[in-house]
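User: Please go through this structure with me, one question at a time.
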Amino acid sequence: MGFGITINANDTNVNIKTPQQLPLQVQLPDDELFSTYYVADNQQAVHWLHQQATALEQPTLADRYSWLSGPAGSGKSHLLHATVAAANNVGKQVMYLPMSELLEMEHPGALLEGLEQFDLLCLDDIDQVLDSESWCFQLFALINRVTDSQHCRLLMSASQAAIQCGVRLPDLESRLQWATAYQLVPLDDTAKAKALSLRASWRGLQLPNDVSQFMLHRLGRDMQQLLAYLNELDTASMAQQRRLTIPFVKQTLKI
């Protein structure tokens, strides 16, 4: 079996070991589930991913490869983490690799060896390695093994469509275009406020609309950063037994 991250349904912390045996700590957020993703205009993509996570029958060629694209902050990693969690819930064996953290690995073949044995293989931010010739050759070999495996489903995420990623190896670019592709539609401000409220509700918090709107206007519109602020507010709210109000947000975040 190759090196990588084997996801267990009860684990949120896992280690990658490179061929040099250098551990890379990876934490999968426990709050990035299908139930905490604000769908908005991305219903088809979410439905497809949930179907891939929970389907128990042998995949067809159309099911075997999925490509999820979208700009930063659109929720690609959230949806991959959600797919991992849902697949675990039905007893599937899953492998998840954050490709942006593996870019400098000297022996990608060792990492990818044997991964076609998993029921679901998720390669997050795959576009980060597609300008590397060594990565491209090894990914091409992996895709051929996935095709031969008959049971493995491969889910990939990137910032844009495969044909726009500048893939170093033409044969790999052709293979990547086999994938069923969905492009995520970024959230507008109204949807971002609702997404924040949804995540707050999952944490047992009530985030009034005026507070979420205040956060958007004062803290920027980057969803990853806004969710990080929400985590900070959650911790402070629990410690101080305070509700989420605009004065409390100002005090806690010093704005």
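Analyst: Before the questions, a definition: helices are DSSP runs of H or I with at least four residues, numbered from the N terminus. By that numbering, Leu226 is found in helix α9. The model is a predicted one.

User: How many helices and strands does the protein have?
Analyst: The protein has 255 residues, and 48% of them are buried. Among contacts with a separation of 6 or more, 73% are between residues 24 or more positions apart. The secondary structure comes to 10 helices and 8 strands.

User: Which residues have the most contacts inside the largest nonpolar core?
Analyst: The largest nonpolar core has 34 residues. Elements that each supply at least two residues of this core include β4 (65-69), β5 (94-98), β6 (120-124) and α6 (170-176). The residues with the most contacts inside the core are Trp67, Leu123, Leu139 and Leu172.

User: Which element gives the most to this core?
Analyst: Several elements each supply at least two residues, among them α4 (108-112), α5 (133-149) and β7 (153-158). With 7 residues, the element that gives the most is α5.

User: Which residues does Leu139 touch, not counting residues up to four places away in sequence?
Analyst: Leu139 is one of the residues with the most contacts inside the largest nonpolar core. Leu123 and Leu172, also named in that group, are among the residues Leu139 touches.

User: How many residues are in the second, separate core?
Analyst: This second core includes Leu187, Ala193, Leu196 and Met223. Leu196 in α7 and Met223 in α9 also take part in the contact of these two helices. The number of residues in the second core is 23.

User: At what angle do the axes of α7 and α9 cross?
Analyst: Helix α7 covers residues 189-202 and helix α9 covers residues 223-240. In their contact, Lys192, Ala195, Leu196, Arg199 and Ala200 of α7 meet Met223, Leu226, Leu227 and Leu230 of α9. These residues divide into 7 nonpolar, no polar and 2 charged. The crossing is right-handed, and the axes come within 11 Å and cross at roughly 35 degrees.

User: Is Leu226 buried or exposed?
Analyst: Leaving aside neighbours within four places in sequence, Leu226 is in contact with Leu196, Met215, Leu216, Leu219, Gly220 and Arg221. The C-alpha atoms of Leu226 and Lys192 are 34 residues apart along the chain and separated by 9.3 Å. Because the relative accessibility of Leu226 is 0% and buried means under 20%, Leu226 counts as buried.

User: How do the residues of the contact of α7 with α8 divide into nonpolar, polar and charged?
Analyst: On the α7 side the contact is made by Asp189, Lys192, Ala193 and Ser197, and on the α8 side by Asn209, Ser212, Gln213 and Leu216. The residues divide into 2 nonpolar, 4 polar and 2 charged.

User: Which residues of α10 meet α8?
Analyst: The axes of α8 and α10 come within 9 Å and cross at roughly 35 degrees. From α8, the contact uses Asp210, Val211, Phe214, Met215, Arg218 and Leu219. The contact residues divide into 7 nonpolar, no polar and 3 charged. The α10 residues are Ile246, Val249, Lys250 and Leu253.

User: What is the phi of Asp125?
Analyst: Most residues other than glycine have a negative phi. Asp125 sits in the loop between β6 and α5 and is partly exposed, with a relative accessible area of 23%. Asp125 is not a glycine, yet its phi is positive, at about 60 degrees.

User: Is Gln241 buried or exposed?
Analyst: Gln241 is in the loop between α9 and α10 (246-253), and its phi is positive, near 55 degrees. Because its relative accessibility is 70% and the cut-off is over 50%, Gln241 counts as exposed.

Conventions
Residues are numbered from 1 along each chain as its sequence is written. This is a predicted model: local features need pLDDT of at least 70, side-chain atom pairs count only at pLDDT 80 or more; totals for chains, interfaces and linings use all residues. Side-chain values use heavy atoms; hydrogens and water are left out. A nonpolar core is a set of buried Ala, Val, Leu, Ile, Met, Phe, Trp, Tyr and Cys residues joined through side-chain atoms within 4.5 Å. Buried means under 20% relative accessible area, exposed over 50%, partly exposed in between (1.4 Å probe, protein chains only). Contact means heavy atoms within 4.5 Å. Axes are lines fitted to C-alpha atoms, for helices over the stretch in contact, and angles run from 0 to 180 degrees between N-to-C directions. A crossing is left-handed if the near helix is turned anticlockwise from the far one by less than a right angle, and right-handed if clockwise. Ala, Val, Leu, Ile, Met, Phe, Trp, Tyr, Cys and Pro count as nonpolar, Asp, Glu, Lys and Arg as charged, and the others, Gly among them, as polar.
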